[in-house]
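The sequence and the structure come first.

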Amino acid sequence: MMKKITILTILAVLLVASVVTHQPADARQSVTLRLWQHQEGPFNEATQALIDAYTAQHPEVTIEVETFEYDLYLQTLQTSLPAGDEADILELFGTWVCGYSDYLAPMPDDLAASFDASQFYDAPLGGYQCDDQVYGLPQEFNVEYGAVLVNQAMFEEAGLAFPPAWENWDALISDAQQLVQENSDGQMTVAGYHFTNADAIVFSFLAGILQRGGDYWNEDQDGFQFDTEEGLASLEHLVNLVEQGVVDPVLFNDTSNWSGDAFFTGQTAIALIGPWAVAYGLDSFPDFGAFDYVALPAAGDEPIFAADSGWGMTVSERSDHQDVAWDFINFAAANADNALQWNITTGTIPALRALVEDEMYRTPLLEASPWLAGVLDELQYGRYVGEMPDRDLLFYDIIYPYVLDTLQGLMSAEDAVALMDEDANLMFED
Amino acid sequence: MDNLQPLILYWGLTWAVVGSAVTPLVFDRRGRNPWWGGLIGLIVGICSGEVFGWTLLQIFDSVWPAYARWLSIFGGLVLLLPLWILLKPQRGEHLRAHGIVPGTIVPLIFYLISLSALPMIWAIALAFFEYDPAQKGGPILGLGGENKYVGTQYFEEMVEGDSRNPREFRNSIETTLKFTAVVVPLNLLITIPLASMIESVHQRVRVVFRSIYFLPVVTSSVGVAIMWGYIFNAQYGLANEVTGMAGIKPVAWLQDPRLTIWGIPIALFAVIIAYLWQDFGYNTVIFIAALQGIPDHLKEAARVDGATPLQVFWHITLPLLRPTILFASVFTLISSFQVFDIIQVMTQGGPGRVEGKTKVMVLNIYENAFRFGRMGWAAAMSLVLVAMMLLFTLFQLWAFRSDWEY
């Protein structure tokens, strides 16, 4: 029996060896790339269109898309990148990129030699630049502050001018107060101005600091400073909005009547949310009536706001086909025609300057997404939010909770900025 | 060929189990020690599964790519089949029927070690490192490097620290204890009398009641949470409609952090109601079974002595249910310490974002581990949770101990 087992083992080893040494001739020619993306209808549709266009030009390339529900995508990235089983092309949000840059392939030299960074807005590209290297290209300019969605029917019903052009915050508060609706028990059923979901609170607070001449970064850019005169003033401004009765932060926040849903279900007349929510809203509520996207008043001379980069694409350092993957990214994000189609389908704001500044692209963009007219001219005031140790931690576990608790009357504004300062700076400790 | 890690796991796990389950039977048939068969089958199964799984994948990927991954699963048979066929009988072929024991135990032990014990050891190790999977760690399991060793720092912070993480941790312990302190006694107070009542009705009706009360247990927790979320909706919920009939002003059950009853946030009560609704059917069925096991002659003797139904229940039934109460309370306590899904869907730990009024320990652990990548801190909290469950369980075992049988 031992003889038979020995013969079988030898045969098995020979089989393995033959497979190891055998490489199919056509394997070197065809390239299959995997692309990971978060699940969101218009985003997935727009990316697939780009893939179809690219593979039509490059028939030897196949790009397989795998999508993940947002929370699952975060976890998958956290575990897969260190484990090394990530896809070749990764859709990442700009502010995550530097955190993962150890696992990402920087722009190849040949592409970098001809790359013109000024073709992109600074804010979105800023997220993809780490240590003087470019680790991906943005496809959108994520704007969470600067303009608001306004419901035409509600404005007209309240006898207010539409679209509104608020000269200052008092004008906005006045309109919002008239738009509020309550039931017979005094509960707010329609908010006048809903700014109390997580992103809206965070970016309102940060913009408030910048517009008052302050900064949330310290001078060396290696720590945060929220416990400042401007930080306190920014928070007190938000508290004042609640005290003026434009929104009930207990009933309207990120977990209850989230502003994206609240706006498209008629539970708020004015919603502070990025224009990306329009594609989502019209997808979920196709019969929603007329609306517009109008600029917010500024607290200072200029409507400066912090911007959070935006979605874009990166390449895994472990990809066997980095050159092809980068070529696809360049095709998708830096080619104006392709980028335009992607922005139109997703309803997002372009990261490429040409699409906003060149009438040839601006016209079709505004024809497809007319509500963007209110925000395109504000993009020049966008400032990259900065490279943070953990953006989600700062935004959703520090700023949002403290500000919301303050708005709900659980703590004072002074305590909130002091605690925010303390907790946020712990991120920089070794 | 990318992303082989899931396949590598499938190849290994599948053939480890098949090898260690079948080989003992073959060894037993050939008069050999089946425990050695279990061990050899395990090793050969893993090796064959991995090596020939990969080999078959390479072969079929070039000729039949759509089915290559499925066919690669058969790699384990390449060495296992010859082993089973060619194994020489030692003392003549005869079935001793002893192979079934190692054939079932060895795969289970393998699974227990690989899917329970190893992750537990890993979690214990992580509790002493500032581990974030997104960071580049050292060469051994990613520990060290940027994932630096911090010793007992996390445990010291839990006790003495006044920064956000320790504050949240202490708050989540307090919330978990409040949740458990209400859930365990309420569950028993509902289920024991309910089981007695169901047990007292005709058998056909009993089956109907038992099914009805058990239905929420087999319902998806997320579905239950969504349903109760609607019931407790501040603006349109049924709860406010009902309390409104009694002249009570509507409240934001799940959103208002300022509302409390006896120091317990009203949102926590709302979550407890949803949790109890889903959970009490399980204990009810257990108590019905226990009640059926109490000999009738004991109750009959009490009745003959003139005991009222309440006295029979209090002095005969309840004491005899003690072992079952112990079982039910231990399991209810453990499951209430582990509550997560209902809270995640209904409140996400709020209201009150800084000190979430319903942010229990598992939710805190989940957020730290999977949302913010603080795996080390989350692992340290998990160890504390396990220690707490162990302590409370030991206390229950002591408090409800009994040294008799019937």
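In this predicted model, strand β10 (residues 268-271) of chain A runs parallel to β9(A), and three bridges join the two strands. Within this pairing, H194(A) has A271(A) of β10(A) as its bridge partner. Strand β9 covers residues 188-194 of chain A and is mostly covered, with five of its seven residues buried.

β9(A) also pairs with strand β8 (residues 181-182) of chain A, here in the antiparallel sense and over two bridges. In this pairing M188(A) of β9(A) stands opposite E182(A).

| Partner of β9(A) | Sense | Bridges | Residue pair |
|---|---|---|---|
| β10(A), residues 268-271 | parallel | three bridges | H194(A) with A271(A) |

As a general point, side chains in a regular strand alternate between the two faces of the sheet.

Chain B has 17 helices and two strands. Its radius of gyration is 28 Å, whereas the globule rule gives 22 Å for 406 residues; the computed value is well over the rule, so chain B is more spread out than a compact globule. The C-alpha trace of chain B spans about 80 × 65 × 45 Å along its principal axes. Of the 406 residues in chain B, 39% are buried. Among the contacts in chain B with a separation of 6 or more, 67% are between residues 24 or more positions apart.

The domain assignment divides chain B into domain 1 (5-126) and domain 2 (162-399). The C-alpha centres of these two domains of chain B lie 42 Å apart.

Which elements of chain B give two or more residues to the side that touches chain A? The contact as a whole takes 36 residues from chain B and 41 residues from chain A. On the side of chain B, the elements that give two or more residues are α2 (34-63), α4 (77-86) and α16 (361-371). α2(B) gives the most, with five residues. By class, this side of chain B has 14 nonpolar, 14 polar and eight charged residues.

Conventions
Residues are numbered from 1 along each chain as its sequence is written. Chains are lettered from A and ligands numbered from 1 in the order in which they are written. This is a predicted model: local features need pLDDT of at least 70, side-chain atom pairs count only at pLDDT 80 or more; totals for chains, interfaces and linings use all residues. Helices (H or I, at least four residues) and strands (E, at least two) are DSSP runs, numbered from the N terminus. The radius of gyration is taken over C-alpha atoms; the globule rule is 2.2 Å times the number of residues to the power 0.38. A residue is buried if 20 or more other C-beta atoms lie within 10 Å of its own, exposed if 12 or fewer, and partly exposed in between; C-beta atoms are placed from the backbone. Two residues are in contact if their C-beta atoms, placed from the backbone, lie within 7 Å. Ala, Val, Leu, Ile, Met, Phe, Trp, Tyr, Cys and Pro count as nonpolar, Asp, Glu, Lys and Arg as charged, and the others, Gly among them, as polar. Two strands pair if DSSP finds at least two bridges between them. Domain bounds come from an automatic or database domain assignment.
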